[in-house]
Amino acid sequence: MANFRTLDDLGNIRGKVALVRVDLNLPMKDGRATDLTRAEAVAPTILELADAGAKVLLLAHYGRPKGEKHSTMSTSFVQGDLERVLGREVMFIPEVSGPVAEQSVGILRPGDIGLLENTRFWPGEEKNDPEFARGIAALGDFYVNDAFSASHRAHASTEGLAHLLPAYAGRAMEKELKALEAALGNPVQPVAAVVGGAKVSTKLAVLEHLVGKVQQLIIGGGMANTFLAARGVDVGKSLCEHELTGTAEEIMDAADKAGCTVHLPYDVVVAKEFAANPPSLRTCNVHEVAADEMILDIGPLATEALADVLKTCRTLVWNGPLGAFEIPPFDAATVALAKTAAALTKEGSLTSVAGGGDTVAALNHAGVADDFTYVSTAGGAFLEWMEGKVLPGVAALAA
């Protein structure tokens, strides 16, 4: 991607007001966050700016209020959790612009932190209304985007502000963009991609983009069944989008022309019911799947062969599990290949970047998330990046 300014490009910011877009859309239960990952990700940027003497104003959304104020979706709900993560007091400001917000900024001292109300309480946010954006911009001296996960949306707080104030990438954004550049932007070749998940229909654009970018494409999960069916394999009762077999054939043809090898399982783990360790569990060749059986994971021989493929590569991008990893023993292939990728990363021969909700859960389940080069917690934004789309919030940061 184009060059972007980071916090390293800031001069003396003592007393200046930093408008910082963060993702604080934390999962909540009984008034407390059940996962602080997003708050922990943006803490370094917030603290660095505060310690440099800036007045830090945090912009965030919470839930989907669709332009209306909802008492249950106020960002005040995450104030306490944010204070615990930062180890600092945070002032809640019930507006995002206007006299109340301006008075609150006046009260803040250099180094103080303020949390503005949910940006999506105002229709102008999702409409990227210039007037709304100007109202927010009037509070600040410069803008920092540290919310990659929200940057696939052209909203006022993710895109509009970047055109009204000097704009910089926060530390989490900077780390994400550098990792993505290393994965597909300007990667060390050969490049492998693992794409899994239930349905081809949700990853069509990803697959179509990747075949021209990577040398080895590993397809797993339920979506592999559609590709197997396209090759004439009877997949029994397996999850399969038979109406997309023609599209699968087109993707494989495009891969051939681009010099990309598509890897599909040749041995599989099957069962007659989707349950933990069912009595009907067995491993067989893909051509031996019975009419009343479901493919629920990649078999050990294919998994071992895929591990050998990764050993020949220098870069890996991973999105989606290889099997129904939530239920044992259908997690075996995902865990085994993830451990191989992690080991290659630790020894320095592989740059590994992974992302997407199920992917993060699968790598945590395998106990290797910390061993990958980078694991993105962004869902939709990561997927759109894998599709080759321009992310408005990122493009707006280009220096």
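I began with proline 329, which I found in the loop between β15 (315-319) and α12 (332-346), where helices (H or I, at least four residues) and strands (E, at least two) are DSSP runs numbered from the N terminus. The model I am reading is a predicted one, in which local features need pLDDT of at least 70 and side-chain atom pairs count only at pLDDT 80 or more, while totals for chains, interfaces and linings use all residues. Residues are numbered from 1 along each chain as its sequence is written, and side-chain values use heavy atoms, with hydrogens and water left out.

I noted proline 329 as partly exposed because its relative accessibility is 24%; buried means under 20% relative accessible area, exposed over 50%, and partly exposed in between (1.4 Å probe, protein chains only). Leaving out residues up to four places away in sequence, I listed Asn277, Leu281 and Asp297 as the residues that proline 329 touches, contact being heavy atoms within 4.5 Å. I also looked up the separation of the C-alpha atoms of proline 329 and lysine 237, which is 19 Å for two residues 92 apart along the chain.

The peptide bond between proline 328 and proline 329 is cis, with omega about 5°. I found another cis peptide bond between glutamine 189 and proline 190, with omega about 0°, and proline 190 belongs to the loop between α7 and β9 (191-195).

**Positive phi**

Most residues other than glycine have a negative phi, and most peptide bonds are trans. Against that background I recorded aspartate 30, whose phi is near 55° and which sits in the loop between β2 (28-29) and β3 (32-33). Aspartate 30 counts as exposed because its relative accessibility is 76%. Asparagine 128 also has a positive phi, near 55°, and its place is the loop between α4 (123-126) and α5 (130-137).

I next turned to serine 238, in the loop between α9 (221-230) and α10 (245-258), which counts as buried because its relative accessibility is 7%. The side chain of serine 238 reaches the backbone oxygen of valine 235 at 2.5 Å; a polar contact is a pair of N or O atoms within 3.5 Å, and within protein one must be able to donate a hydrogen and the other to accept it, with residues adjacent in sequence counting only if both atoms are side-chain atoms. Setting aside neighbours within four places in sequence, serine 238 is in contact with Asn225, Glu293, Met294 and Ile295.

Strand β12 (residues 267-271) pairs with β14 in the antiparallel sense over 4 bridges, two strands being paired if DSSP finds at least two bridges between them. Within this pairing I noted isoleucine 295 of β14 as the bridge partner of valine 270.

In helix α10 I looked up aspartate 256, which is exposed because its relative accessible area is 59%.

**Strand β1**

Strand β1 (residues 17-21) is largely enclosed by the rest of the structure, because 5 of its 5 residues are buried. In a regular strand the side chains alternate between the two faces of the sheet. I checked both faces of β1 and found them covered, with Val17, Leu19 and Arg21 buried on one side and Ala18 and Val20 buried on the other.

β1 pairs in the parallel sense with strand β4 (residues 55-59) over 5 bridges, and 4 bridges join it to strand β7 (residues 142-145), also in parallel. Valine 20 stands opposite leucine 58 in β4, and its bridge partner in β7 is valine 144.
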